[in-house]
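Hello,

Here is the structure I promised to pass on to you. Please open it first, and then read on for what I found in it.

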Amino acid sequence: MCRNIRPLHNFEPHATSGEVHDAALQFVRKISGMNKPSQANAEAFDRAVAEITHITEHLLDDLVTTAPPKNRDEEAAKAKARSEKRFPRTEPAAVAS
């Protein structure tokens, strides 16, 4: 689940509200241990997502760096290369006739 939380700082263009919300949702899912809360827990779950989204947006606004902004496409290509190295694809075995 947490593999879906991506770094959001120092990208150009900046992280969208949707990206921040998605990261907050994944975080709350992970720490609560539930993908979809019951009706009894829905309000607390949704409130936690909203509060974490809000504070994360403040954090991203306040962070300072001298590094040049990262490119989303380049970072995605690097992640894909790491994944392919870590989990190489295997060719399916040939079927004998």
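The second largest pocket is lined by 16 residues, and those nearest its centre are His9, Asn10, His14, Leu60 and Asp61. A pocket here is worked out on a 1 Å grid over the protein atoms alone: it is an open set of points where a 1.4 Å probe fits, with protein on both sides within 12 Å along at least five of seven lines, and a lining residue has an atom within 4 Å of a point. The volume of this pocket is about 270 Å³, where volume is the space filled by probe spheres set on the points, and points are joined across faces, edges and corners.

Before going further, a word on the model. It is a predicted one, in which local features need pLDDT of at least 70 and side-chain atom pairs count only at pLDDT 80 or more, while totals for chains, interfaces and linings use all residues. Residues are numbered from 1 along each chain as its sequence is written, and side-chain values use heavy atoms, with hydrogens and water left out. The chain has an average pLDDT of 89, and 91% of the residues score at least 70; pLDDT is the predictor's confidence in each residue, from 0 to 100. Confidence is highest in α2, at 97, and lowest in helix α3 (residues 72-86), at a mean of 89. Helices are DSSP runs (H or I, at least four residues), numbered from the N terminus.

Back to the pocket. At least two lining residues come from each of α1 (17-32) and α2 (39-62), and α2 gives the most, with three residues. Sorted by class, the lining holds eight nonpolar, five polar and three charged residues. For these classes, Ala, Val, Leu, Ile, Met, Phe, Trp, Tyr, Cys and Pro count as nonpolar, Asp, Glu, Lys and Arg as charged, and the others, Gly among them, as polar.

His9 is found in the segment before α1 and counts as partly exposed, because its relative accessibility is 25%. The cut-offs are under 20% relative accessible area for buried, over 50% for exposed and partly exposed in between (1.4 Å probe, protein chains only). Leaving aside neighbours within four places in sequence, His9 is in contact (heavy atoms within 4.5 Å) with Leu60, Leu63, Thr65 and Lys70. His9 and Leu63 are 54 residues apart in sequence, yet 7.8 Å apart in space, C-alpha to C-alpha.

Asn10 is also found in the segment before α1. Asn10 counts as buried because its relative accessibility is 15%. Its phi is near 65°, a positive value in a residue other than glycine. In the segment before α1 you will also find Pro13, which a cis peptide bond joins to Glu12, with omega at about 0°.

Now to the inside of the model. Which residues make up the largest nonpolar core? There are five: Ala24, Leu25, Val28, Phe45 and Val49. α1 and α2 each supply at least two residues of this core, and the largest share, three residues, comes from α1. A nonpolar core means a set of buried Ala, Val, Leu, Ile, Met, Phe, Trp, Tyr and Cys residues joined through side-chain atoms within 4.5 Å.

Phe45 sits in helix α2 and is buried, since its relative accessible area is 7%. Not counting residues up to four places away in sequence, Phe45 touches Leu25, Val28, Arg29, Ser32, Met34, Asn35 and Pro37. Thr53 lies in helix α2 and is buried, with a relative accessible area of 10%. Beyond its neighbours within four places in sequence, Thr53 is in contact with Val20, His21 and Ala24.

Lastly, have a look at Pro92, in the segment after α3. Is Pro92 buried or exposed? Pro92 is exposed, as its relative accessible area is 69%.

Best wishes
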